[in-house]
Amino acid sequence: MRREPPQKLTDYSPLVFPAGMLIVFFVVPFATMIAVSFFKRNPSGFYTPDFVFDNYARFLSLFFGKVLGFSLMLAIAVAICCVVLAVPFTYLLSRARRRTQVLWLVALLSILSLSEVIIGFAWSTLFSRTAGITNLFVMLGIMDQPVALNPSFGAVLTAMTYQALPYTVLVLYPALVRLDPTLTEAARTLGASPVRSFFTVVVPALRNTIVATLIMVFIFALGCYLLPQILGRPQHWTLSVLITDQAIYQSNMPFAAAMAVFLVLVTLGLVGLTIYAGRKGEAA
Amino acid sequence: MSGLTLQNVTKEFGTFTAVRNVELTVPHGTFVCLLGPSGCGKTTLMRMVAGLDLPTSGSIRLGDRDITNVPTHKRDLGMVFQSLALFPHLTVGENIAYSLRIRGVGKAEQKKRVDELLAMIHLTGYADRPVAKLSGGQRQRVAIARALAISPKLFLLDEPLSALDAKLREAMQVELRQLQQRLGITTIVVTHDQREAMTMADTVVVMNGGEIRQAAPPVEIYRRPADTFVADFIGMTNLIDFKADGAGTQVLGASVPGLTIPNSLPSGIISVRPEDVHLTAPGNAPITGTVTFVRDLGGTIETFVEAAGKQIVAVSMPNARPDVAVGQSVGIALNPDDCVVLKA
């Protein structure tokens, strides 16, 4: 069916409700946050309306620069881990029997019902010295004695990957199911081994989906503020942790808002860069 | 020499037998069509030749090499899929060069071969186009060129022309046959279109229910069908019961002189093509019937005659137009040489 573009103003009426919701629940709060980021902090109370750049100036320091850098690096690492794990897994899942697919998808969806706190404490138990998985390795004779695996960067990365993986699989699944299975068969008849055909046909054919998934997981991981606190050392804390700290514990709302705005800008910049690079790659 | 030999090949999916005890020899350089209704096992048979499915039992040999359990990518074959399966992320040239790239052929040599193949399929200069920008017929050619890039020993095509419109399909059938003869490549095509099979094949293999019913040259399949399924599936035919005893052969309630039944079958079926049914004045032929319908298609005239409760179709050319009308009584003359005697 060929759709016609809207002709009259009334043709846009179906958009009124979503646009209204978007304004009330997204544009207004975000605008408020931007406004607050220019307010002046009142040490005795909350904040007073003003227009100062102090909050942004304070942010431009080596310490916050390092935290921002670490946050971006962690989010990129989580995104890459998730995609590297999820693409082959989802590919095999989409080729499995219907029943197997349903069971796996239900299991993955049930992970989404767990709160971040529960995931954090579950992993901190698993990584602990007294009750963790290293005890299992000792029993199997792989290790001499149990050790604590957290707090550490690896623990933060593992838990965040675990938390983001279901989203990754669910985003990739429709694209992989739609991928014509005869494409890989054709690659095999043309002389590519199954592994080779996966890398020369499935991955390139899904390029755009994979880039979109990387961006989604990256943004999801940037917002994560509980797991780094539960499983990491202070140097593993992300900008989101500091924002939470400033907003809730230090009652410095303007500074927290300034950091949040800055984080959004950096994120948008990175996403834009990725899409731009993707366009370039496509044209080449 | 790289002929293909299938010995006692069977494929079971659970309790369902898709292909049963298939014996088939495809001599080097011949063109074979696997023909049958959907679900007859022809595609499964081809997938086993390609190695995309492994046979439950039996063996497949290509030349002197047993390839029954050789993985697909080591079989050195070319295959065209029904969906064509062109790689959407690659250009026309890259699609064609894929098998060369996988084999580590140098860039310059790849380009030379791609240009050769593009010239062969009359698409010179299309190397850098994305496949999405091609028409159906052009994609078809690219899929063929891609499959032939390494000069495979065996060329397989699964319903290759089914996505094309009728006119283009007929043209491609001729082109494909000419290409195959020029390259002298052993070729197997799966199709459900008997015109396609008759146009292209040296040998037509008619399959039904997972078994080969007859494997023979197209004209023999048409003139001398092996059983009632083949007779009915290939073209139009009249399948008529007969009874034979010492006194003669009874067909449609009358005796047909000269019709001898081999192996002294007491009863069975004869298959007569509509163009071999001759209508005459009643009394001039042993069988008499009543005209029920006349379909004049311009090029041919089909006359439906009811005789002894059975509908018989006669086809005549316009220059031999039978002068009959609905309700008229006519005589039906059958030449014994045109009747194929089959078991019931």
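The questions and answers below go through the two chains in turn.

Analyst: This is a predicted model, in which local features need pLDDT of at least 70 and side-chain atom pairs count only at pLDDT 80 or more, while totals for chains, interfaces and linings use all residues. Residues are numbered from 1 along each chain as its sequence is written, and chains are lettered from A and ligands numbered from 1 in the order in which they are written.

User: What share of the residues in chain B is buried?

Analyst: Chain B holds 8 helices and 20 strands, where helices (H or I, at least four residues) and strands (E, at least two) are DSSP runs numbered from the N terminus. Its C-alpha atoms fill a box of roughly 80 × 45 × 35 Å along the principal axes. A residue counts as buried if 20 or more other C-beta atoms, placed from the backbone, lie within 10 Å of its own, as exposed if 12 or fewer do, and as partly exposed in between. Of the 344 residues in chain B, the buried share is 40%.

User: Which strands are at the edges of the open sheet of 4 strands in chain B?

Analyst: Two strands pair if DSSP finds at least two bridges between them, and the order in this open sheet of chain B is β2-β1-β4-β5, with antiparallel pairing. Inside it, β1 (residues 4–13) and β4 (residues 57–62) of chain B are joined by 5 bridges, and B:T10 has B:S57 as its bridge partner in β4(B). The strands that pair on one side only, and hence form the edges, are β2 (16–26) and β5 (65–66) of chain B.

User: Which residue in the turn between β17(B) and β18(B) has a positive phi?

Analyst: Strands β17 (residues 301–307) and β18 (residues 310–316) of chain B run antiparallel and are joined by 7 bridges, with B:V305 having B:I312 as its bridge partner in β18(B). The two strands form a hairpin with 2 residues between them, and the one with a positive phi, of about 50 degrees, is B:A308.

User: Why do the buried residues of α5(B) line one face of the helix?

Analyst: Helix α5 (residues 166–183) of chain B has 18 residues and reaches 26 Å from its first C-alpha to its last, close to the 26 Å expected at 1.5 Å a residue, a span taken as 1.5 Å times one less than the number of residues. Its buried residues are B:M172, B:Q173, B:L176 and B:Q180, while the face turned away from them carries the exposed residues B:K167, B:V174, B:Q178 and B:R182. The buried ones line one face because, seen down the axis of α5(B), with directions taken from the helix axis to the C-beta atoms, they fall within an arc of 115 degrees.

User: Which element gives the most to the side of chain A that touches chain B?

Analyst: Residues are in contact if their C-beta atoms, placed from the backbone, lie within 7 Å, and 16 residues of chain A are in contact with 16 residues of chain B. Both α8 (181–189) and α9 (194–205) of chain A supply at least two residues of this side of chain A. The one that gives the most, with 6 residues, is α8(A).

Notes: Two residues are in contact if their C-beta atoms, placed from the backbone, lie within 7 Å.
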